[in-house]
Amino acid sequence: MADNDNKVVDLPDRQIVREEASLWVARLDSRENNPDVLNELQNWLNKSPTHREEFRRLSALWGEMDILDDLNYLDDSHNIAEQTTRHSNPIWLKRIGGIAALLLIAIASYLSMGPNKGLEQHATFHTDFGEVQTIALSDGSTLTLNTDTTVEVAMSGSERRLNLLKGEAHFAVAKDASRPFSVYAGHGLVRAVGTAFSVYLKKRDVEVIVSEGRVELMATTPPVSGGDSAQTDTSNPTLLKVIAAGDQAVMADDGLKRLEPISEIAINRKLSWRSGMLAFAGDPLSDVLEQVSRYTDVRVEITDAKIAALPVGGYFKVGELDGLLEALETTFGIRAEWVDEKHVRITQSS
C-alpha cells in the first residue's frame, strides 16, 4: 500500500477558519501590505480549500469586490509579495480605497435614516429534515440551524430578539453591550451580550449548552408566533441562573430542571451536527436513534428494552440512516427490518 494511503488528513474547523479569515480581511483593510505579511497570507490561503472559500466569502462582503481574482490569490503559481513589488499601487489598495468611500457613503446614509435603521433585521429562517444551515445576521452574529428548525429574528437599534419556534440552533453572538442578545424558546429565555451557546427546544424542555462566555437563564412567557412576534415581550422575565462556558442546563415550564458541567470534548460531540456529523460515546441506543431520527421522516421502532439500553459510540453522517443501521447489524448483532419505506423495526438477531 502506498504511503499516501496511510496518511490521515485533519479537516479544518470551519468556525476557526472563519474567524482567522475575518482577521485577515481586517489586516488588509488596515493596509498592512508589506511582502512578509502578504507571503504569510498566501501560506494561510494554501492550507486548504476551506481557507480560500472563507476568505473569498468574507472579502465579497466588502461591496462585492473580488479581491482574490484581482490578485490571483488562488493561483499557486503567483506570489503575492512579488505582485506587490511590481505594482507601486497594488489593485487591492485601490479596492480598499473604494471600500473606504463606500463605508463613508454607508455611514452618511445611516445617519440620514436615523440611529436604528441600519441595524434592523426582521426575518424567519427554517431548515427541512436533514438540513443544516448557517446564517450571518445583521449584527455580525452567526446563527446555525439544525435539522427541522425555525427561528424568527427581529433586531433594532436597541435590542436583538430571536424566537426559537422549534428545533435546535447555535448562536455565536457578536459583542454589543448596548443590545443584549435574547433567545426565546418555550417558557425559557436565554440572554447574552457576546458569547456562544446552543438552544434545543425538546418538547417542552429547553436545553442550553454554553461553549463560550456567560448567559442568563430566565423564565418567561414566550412571544406568540407570527408577524413581529420576536419583538413582543408580554412578561417580566425572572432570572433563574447565570451559567458559563462548560455548563449544560435544562429549563422546564416550572423553572430550572437540571444544571451540570459538561466537558469541552462533550460539547464538541454534542455540537458536531454543525459540521454535518453526529457523534456518540456510550449513549443508549434509544437516544442515538432519537437523534438520528431528527434528520429523517423514517420512524425507528425498538421492540426490546435491553436493545434500547445498549451503549453505542461512533461518528455518523447526518441523514444517513442506512449507514447507522448497517453498523448496528454488523457490530452489535441487531436486525433492522424495514416494515415499509417510512418504518424500521429494530430487533435482536436470532
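1. Strand β15 runs parallel to strand β18 (residues 343–348), and four bridges join the two. Strands here are DSSP runs of E with at least two residues, helices are runs of H or I with at least four, and both are numbered from the N terminus. Two strands count as paired if DSSP finds at least two bridges between them. Within this pairing, Ile302 stands opposite Ile346 of β18.

2. The model is predicted: local features require pLDDT of at least 70 and side-chain atom pairs pLDDT 80 or more, whereas totals for chains, interfaces and linings use all residues. Residues are numbered from 1 along each chain as its sequence is written, and side-chain values use heavy atoms, with hydrogens and water left out.

3. The open sheet has three strands in the order β15-β18-β17, with mixed pairing. Its edge strands, β15 (299–302) and β17 (334–340), each pair on one side only. The twist from one strand to the next averages 25°.

4. Helix α8 (residues 285–293) packs on the sheet and touches β15, β17 and β18, its direction making about 170° with that of β15. Contact means heavy atoms within 4.5 Å. Angles run from 0 to 180 degrees between N-to-C directions, with axes fitted to C-alpha atoms, for helices over the stretch in contact. Helix α10 (residues 321–332) lies across β15, β17 and β18 at about 140° to β17.
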